[in-house]
Amino acid sequence: MTEQANTTGHLMQRWALTLSYDGSRFYGWQKQAGDLPTVQTALEQALSSIAGEQINTIVAGRTDTGVHATAQVVHFDTSVSRPEQAWVRGVNAHLPAGVAVLVAQKVASHFHARFDAYGRHYRYLLESSPVRSPLLVGRVGWTHLKLDLNLMRQAAALLEGEHDFSSFRAAECQAKSPIKTLYSTKISGTSRYLCLDLHGNAFLHHMVRNIMGALVYVGSGRISVDEFESVFHAKSRLKAPPTFMSDGLYLTGVDYPDEFGVTQLSLPEWMSIPGNDFQTA
């Protein structure tokens, strides 16, 4: 079932959108008081213009100020009938620079972008160099410290599985439980340009950035792998290194059951093409 009747008897359609955005242009995903630009505000205004009615969206995972997305997923309901391209090209014509709908598809009326997601993928891009490239500011994280990738890989491997991630949880995190499952952790690239890829069932507020900050400490020799493990198992944010910058963090995919047929997009070519320093290993 992809349609249901609303309280006035009109048939409602549920649509899923996959979108990409440059987080440096917005104050995060979620609508905020005042005139601060957010992705949700821009998207809902554009959707409402095409629909001719107020559209409200539900997102797979809220992102903070400065955090990017290559394949964020949202759903919305509407009583109007529009072709697929209206929700892509039409909506994009009303969106500001820095955000675009990539895919629109009609989905079952019981599909839920947040609650039906069983996995989320994040990639952190990091530059390690004495001087930060001005052309990568806002898109890639940076440290002046020289990093040992093998040590970072050893530490990252300790995070796989179901654990209490309180040591990497922001104080303002509203999640009911700090226990999450990381299906995989991978560090690839070079000592100058590297990627941290995390795939998990869900993530706590600032969890990826806090993990990245701790791994940089390991890679630079400021703490050992054993000390990283002690910090992790301490289950205390006070024991862990500082939160890392948002610049290099990307939400790169969301997993849904096959029954919903949600389109799975590959990483953009600039993040994965052969010869690129940020290629997937």
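Start with helix α5 and show what surrounds it: the buried residues of α5 pack against α3 (149–157), β8 (161–164) and α4 (207–219). The model on screen is a predicted one. Select residues 225–234 to get α5 itself, then pick out Val 225, Phe 228, Val 231 and Phe 232, which are buried. Turn the view to look down the axis of α5: these buried residues fall within an arc of 115°, so they line one face of the helix.

Next, step just past the end of α5 to Lys 235, where phi is positive, about 55°. Lys 235 is not a glycine, and its place is the loop between α5 and β11 (249–255). Most residues other than glycine have a negative phi.

Now select His 206, another residue that is not a glycine and has a positive phi, here about 70°. Look for His 206 in the loop between β10 (193–200) and α4. With a relative accessibility of 18%, His 206 counts as buried.

Move on to helices α1 (residues 39–51) and α2 (residues 84–94). Their axes come within 9 Å and cross at roughly 120°, and the crossing is right-handed. Which residues make the contact? On the α1 side, show Leu 43, Ala 46, Leu 47, Ser 49, Ile 50 and Ala 51; on the α2 side, show Ala 86, Trp 87, Gly 90, Val 91 and His 94. Coloured by type, the contact residues divide into eight nonpolar, three polar and no charged.

Stay on α2 and select its buried residues: Ala 86, Trp 87, Val 88, Gly 90 and Val 91. Display what covers them, which includes β2 (11–21), α1, β4 (68–78) and β5 (99–107).

Finally, zoom out to the whole protein chain. Its secondary structure comes to six helices and 11 strands. The C-alpha atoms fill a box of roughly 65 × 40 × 40 Å along the principal axes. For 281 residues, a compact globule would have a radius of gyration near 19 Å, and the chain's 20 Å agrees with that. Colour the chain by burial and 53% of the 281 residues count as buried. Of the contacts between residues at least 6 apart in sequence, 69% join residues at least 24 apart.

Conventions. Residues are numbered from 1 along each chain as its sequence is written. This is a predicted model: local features need pLDDT of at least 70, side-chain atom pairs count only at pLDDT 80 or more; totals for chains, interfaces and linings use all residues. Side-chain values use heavy atoms; hydrogens and water are left out. Axes are lines fitted to C-alpha atoms, for helices over the stretch in contact, and angles run from 0 to 180 degrees between N-to-C directions. Helices (H or I, at least four residues) and strands (E, at least two) are DSSP runs, numbered from the N terminus. A crossing is left-handed if the near helix is turned anticlockwise from the far one by less than a right angle, and right-handed if clockwise. Contact means heavy atoms within 4.5 Å. Ala, Val, Leu, Ile, Met, Phe, Trp, Tyr, Cys and Pro count as nonpolar, Asp, Glu, Lys and Arg as charged, and the others, Gly among them, as polar. Buried means under 20% relative accessible area, exposed over 50%, partly exposed in between (1.4 Å probe, protein chains only). The arc is that of the directions from the helix axis to the C-beta atoms. The radius of gyration is taken over C-alpha atoms; the globule rule is 2.2 Å times the number of residues to the power 0.38.
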